Amino acid sequence: MAPLPDYPNALAQVLAGPWRTTSVESIELHRVSGRVLAEAILADRDLPPFNRSAMDGYALRSQDLLKTDTLPCVGFIAAGDADAPKVPAGSCVGIATGAAVPEGLDAVAPHEWTNRASPVLFNKSPASGDSIHPQGSDAKQGDELVSPGTTLGTVEQGLAATVGQLDVPVYQRPRVLLLSSGDEVVPVDSTPAPHQIRNSNLMMISELLTRMGADIIEQRWLPDDVDQTLQALTQTDADMTVTIGGISAGDRDAFRDAIDALKPTMLLQGSAIQPGRPIQIAACGDAGRERPLVSLPGNPVSALVTASLFAWPVLRMLQGMNPSLPWTTGKLGNQAHRHHSRRRFRPATRDAQGNLHVPHWHGSGDLAHAVATVGLVDIESGSAPVPNGQDVSWLPWP
């Protein structure tokens with residue numbers, strides 16, 4: 001049997017799948033937070049659209065103060081004033097922050113540099129351009145302000161409002177069907193028998209995928225029955241299907257047999273990682289309309305880790321985003337043990353100094369050890385532990 005691919009190669013195989021972005025919809029500006037932009041937001045005019053005063057003070061010609069330190073004041077310009085007074089050579093005009101600087105004036109002296117009287121005595125002379133926000137210095141008309149594929153937040157909403165874009169084209173949230181399995185699994189609100197467990201995975205992964213931008217159109221538990229499982233997998237118009245559990249080598253792993261019956265294009269069947277080694281990802285559907293089928297292992301930490309490592313990049317692609325995940329660098333606050341042949345991705349906490357701590361665990365069924373964790377630390381395979389203080393890559397939770 002060929003060795004399982006390491007994580008970078010496994011992910012590359014998955015991202016090479018025949019994935020297509022979701023359809024584009026136009027939604028109202030006040031509803032776009034967290035959505036992914038489908039078409040660029042362009043400047044509809046120069047920004048700022050005029051030479052804008054950056055201070056409360058006096059607009060003037062800087063050369064006039066080479067000859068004198070006192071200038072008569074001919075009036076005042078408030079922000080929004082359409083008609084400015086004429087400012088002859090050798091004079092100045094009072095001006096408010098945000099007001100348009102009259103043509104020919106090249107500097108604004110703040111009030112603090114003056115006696116705030118008439119005529120105005122200047123204790124300090126501004127240079128040409130001082131305290132003026134020049135027209136078009138932020139952007140020229142037609143410039144791209146926000147690129148497609150950007151997740152829209154507060155600043156992007158502000159820019160869309162700046163250019164008068166009340167309806168914004170965004171990618172539809174990928175519609176996801178989420179299925180879990182196992183005859184030993186019972187609903188969260190039930191009292192399990194000693195041999196049973198509550199369905200924590202369905203709740204946890206549903207929330208995780210939603211944070212990744214998914215629209216969970218249905219989430220349900222299935223018994224270990226191949227026919228019922230196959231029916232659930234085929235009778236859906238979801239953009240993506242995610243299954244939890246039932247893909248190992250057990251005799252009653254219904255997801256494995258039902259997926260085999262679909263005859264999908266298998267992109268990944270396992271990866272040399274811990275936890276999450278059994279991860280499977282396939283492309284299902286007719287040519288040109290394939291949708292991803294992501295099969296997560298059933299142990300809760302394995303499901304959590306593989307959803308973050310594999311489902312998240314695919315969901316980003318479906319939403320028109322760069323699939324690259326927001327990996328960053330931090331320092332270990334405690335020693336971390338390696339696996340001799342598999343790359344480990346372990347949930348970690350973060351202390352007040354920003355150091356990452358990998359808590360002790362009892363394997364991939366131990367969800368309790370992941371409480372208060374902030375993301376996954378990447379621990380490459382090997383024999384010697386990773387020492388305290390070493391820089392490591394880590395991936396924040398969505």
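Modeller: The cover over the buried residues of helix H5 (residues 254–262) includes strand S13 (175–181), strand S16 (215–222), helix H4 (226–234), strand S17 (240–244) and strand S21 (291–296). This is a predicted model, in which local features need pLDDT of at least 70 and side-chain atom pairs count only at pLDDT 80 or more, while totals for chains, interfaces and linings use all residues. Residues are numbered from 1 along each chain as its sequence is written, and side-chain values use heavy atoms, with hydrogens and water left out.

Some terms are needed here. Helices (H or I, at least four residues) and strands (E, at least two) are DSSP runs, numbered from the N terminus. Buried means under 20% relative accessible area, exposed over 50%, and partly exposed in between, with a 1.4 Å probe and protein chains only. Contact means heavy atoms within 4.5 Å.

The buried residues of H5 are Ala 254, Phe 255, Ala 258 and Ile 259. Viewed down the axis of H5, these buried residues fall within an arc of 120°, so they line one face of the helix. The arc is that of the directions from the helix axis to the C-beta atoms. After H5 comes Lys 263, with a positive phi near 55°.

Helix H1 (residues 7–15) can be described in the same terms. Its buried residues are Tyr 7, Ala 10, Leu 11 and Val 14. Down the axis of H1 they fall within an arc of 95°, so they line one face of this helix. They pack against strand S18 (265–269), S19, strand S20 (280–284), helix H6 (300–318) and S23.

Strands of a sheet pair through backbone hydrogen bonds, either parallel or antiparallel. Two strands count as paired if DSSP finds at least two bridges between them. S23 pairs with strand S19 (residues 273–274) in the parallel sense over two bridges, and Ile 273 stands opposite Arg 343 in S23. Five bridges join S23 to strand S25 (residues 375–379), and these two run antiparallel; the partner of Ala 348 in S25 is Gly 375. With strand S24 (residues 356–357), S23 pairs in the antiparallel sense over two bridges, and Arg 350 stands opposite Leu 356 in S24. S23 and S24 form a hairpin with five residues between them, and Gly 354 in the turn has a positive phi of about 90°.

Elsewhere, an open sheet of four strands has the order S6-S7-S4-S8, with mixed pairing. Strand S6 (73–77) and strand S8 (107–110) stand at the edges with a single partner strand each, so one side of each has no neighbour in the sheet. Neighbouring strands of this sheet are turned by 30° against each other on average, direction ignored. Axes here are lines fitted to C-alpha atoms, for helices over the stretch in contact, and angles run from 0 to 180 degrees between N-to-C directions. S4 and S8 pair in the antiparallel sense over four bridges, and Leu 60 stands opposite Ala 107 in S8.

Ser 62 lies in the loop between strand S4 (57–60) and strand S5 (70–71). Its relative accessible area is 12%, so Ser 62 counts as buried. Leaving out residues up to four places away in sequence, Ser 62 touches Asp 106, Ala 107, Pro 126, Ala 127 and Ser 128. Another serine, Ser 206, sits in helix H3 (residues 200–211). Ser 206 is buried as well, at a relative accessible area of 11%. Beyond its neighbours within four places in sequence, Ser 206 contacts Leu 178, Asn 201, Ile 216 and Gln 219.

As for the whole protein, there are six helices and 26 strands. The radius of gyration is 30 Å, well over the 21 Å that the globule rule gives for 398 residues, so the protein is more spread out than a compact globule. That radius is taken over C-alpha atoms, and the rule is 2.2 Å times the number of residues to the power 0.38. Along the principal axes, the C-alpha atoms fill a box of roughly 95 × 50 × 45 Å. Buried residues make up 45% of the 398 residues.
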